[in-house]
Amino acid sequence: MPQKRANSQQIKEVLTTLGHTLSPAQESLVYCNEREILGAGGERGGKSWVAAEYYNTRFWEGDLYWVAAKDYERCHAEFEYIIQAMKQLEVVDTDNIHTPKNAQWSMKLKTGTVIKSWSLQDWLKIGSEAPDGIIVCEVAQITLPEYNRLTDRTAEKRGWVVGTGCLTGDTLVATSGGLLTLKEIVGDGSHPVDLLVPSLVGDSQATLAYYNGKTDTVKLNLERGLSIEGTLNHK
């Protein structure tokens with residue numbers, strides 16, 4: 001059954017209680033109620049914090065949420081931010097937070113809601129649950145079949161998926177206006193956009209363009225002359 005999504009006033013009230021102030025670019029992501037969202041930015045650009053903030057402003061909507069990544073270690077930043085917020089909101093007791101080293105983290109809120117981390121190395125275990133929402137950490141590090149497996153799990157509840165990642169300005173993007181580079185879309189600032197982006201998993205609406213400045217990158221060249229370049233945190 002589709003979940004009831006948070007409205008702007010509810011999101012604002014949570015942010016006020018937390019004492020968090022968002023930039024216009026961050027607001028565009030946190031206030032967005034599309035089912036699939038990508039927040040892009042360079043390494044140490046605040047992607048983990050903003051992805052966690054998306055959950056923090058919606059924690060009451062459902063019963064089960066995931067923080068997923070290629071391995072458990074990559075889930076920890078987002079999960080730590082969520083723990084801090086849930087403690088500040090006084091909706092979780094310390095004895096209901098479990099953070100074993102290099103393994104699955106989990107917590108149970110006073111509302112009964114459960115949030116846990118998932119490593120895609122535990123691929124076969126994730127098929128038995130239907131989460132209300134998933135934060136995918138460093139989405140560029142996982143394969144398309146892995147991403148599809150995650151999004152499939154949200155179908156039952158019409159849940160959301162928020163991914164984070166970053167690519168260079170000369171990366172070509174298929175849009176409703178033809179092939180454009182990220183630099184053509186983003187420029188040298190952060191701002192809302194309104195682009196239909198066709199993909200292998202169906203058309204999506206791009207709503208935010210984010211520029212994070214200069215950082216080191218790695219480039220992968222393929223045999224047929226294609227290439228892709230991203231920041232070093234994309235293994």
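Lys-116 counts as buried at 15% relative accessibility (buried means under 20% relative accessible area, exposed over 50%, and partly exposed in between, with a 1.4 Å probe and protein chains only). This is a predicted model, in which local features need pLDDT of at least 70 and side-chain atom pairs count only at pLDDT 80 or more, while totals for chains, interfaces and linings use all residues. Residues are numbered from 1 along each chain as its sequence is written, and side-chain values use heavy atoms, with hydrogens and water left out.

Lys-116 pairs with Glu-129 in a salt bridge whose closest N and O atoms are 3.0 Å apart (a side-chain nitrogen of Lys or Arg within 4 Å of a carboxyl oxygen of Asp or Glu). This pair links distant parts of the chain, 13 residues apart: Lys-116 sits in strand 5, and Glu-129 in the loop between strand 5 and strand 6. Helices (H or I, at least four residues) and strands (E, at least two) are DSSP runs, numbered from the N terminus. Glu-129 is buried too, with a relative accessible area of 18%. Its side chain also makes a polar contact of 3.4 Å with the side chain of Trp-118 (a pair of N or O atoms within 3.5 Å; within protein, one must be able to donate a hydrogen and the other to accept it, and residues adjacent in sequence count only if both atoms are side-chain atoms). Setting aside neighbours within four places in sequence, Glu-129 is in contact with Leu-64, Trp-66, Lys-116, Trp-118 and Arg-153 (contact means heavy atoms within 4.5 Å).

## Other salt bridges

A search of the whole structure turns up five salt bridges. One of them joins Asp-132 and Lys-157, with the closest N and O atoms 3.3 Å apart. Here the partners are 25 residues apart, Asp-132 in the loop between strand 5 and strand 6 and Lys-157 in the loop between helix 5 and strand 7 (160–165). Both Asp-132 and Lys-157 are buried.

Asp-93 and Lys-110 form another salt bridge, at 3.7 Å between the closest N and O atoms. Asp-93 is partly exposed at 35% relative accessibility, whereas Lys-110 is exposed, with a relative accessible area of 52%.

## Helix 1

Now to helix 1 (residues 8–18), whose buried residues are Ile-11, Val-14, Leu-15 and Leu-18. Seen down the helix axis, these buried residues fall within an arc of 100 degrees, so they line one face of the helix (the arc is that of the directions from the axis to the C-beta atoms). They pack against helix 2 (24–30), helix 3 (47–56) and helix 4 (76–88). Thr-16 and Thr-17, on the other side of helix 1, are exposed.

At the N-terminal end, Asn-7 caps helix 1 with a side-chain oxygen 3.1 Å from the backbone nitrogen of Gln-9. After helix 1 comes Gly-19, with a positive phi near 75 degrees.

## Cys-137

Look next at Cys-137, in the loop between strand 6 and helix 5 (144–153). Cys-137 is buried, with a relative accessible area of 1%. Cys-137 and Val-162 are 25 residues apart in sequence, and their C-alpha atoms are 8.5 Å apart in space.
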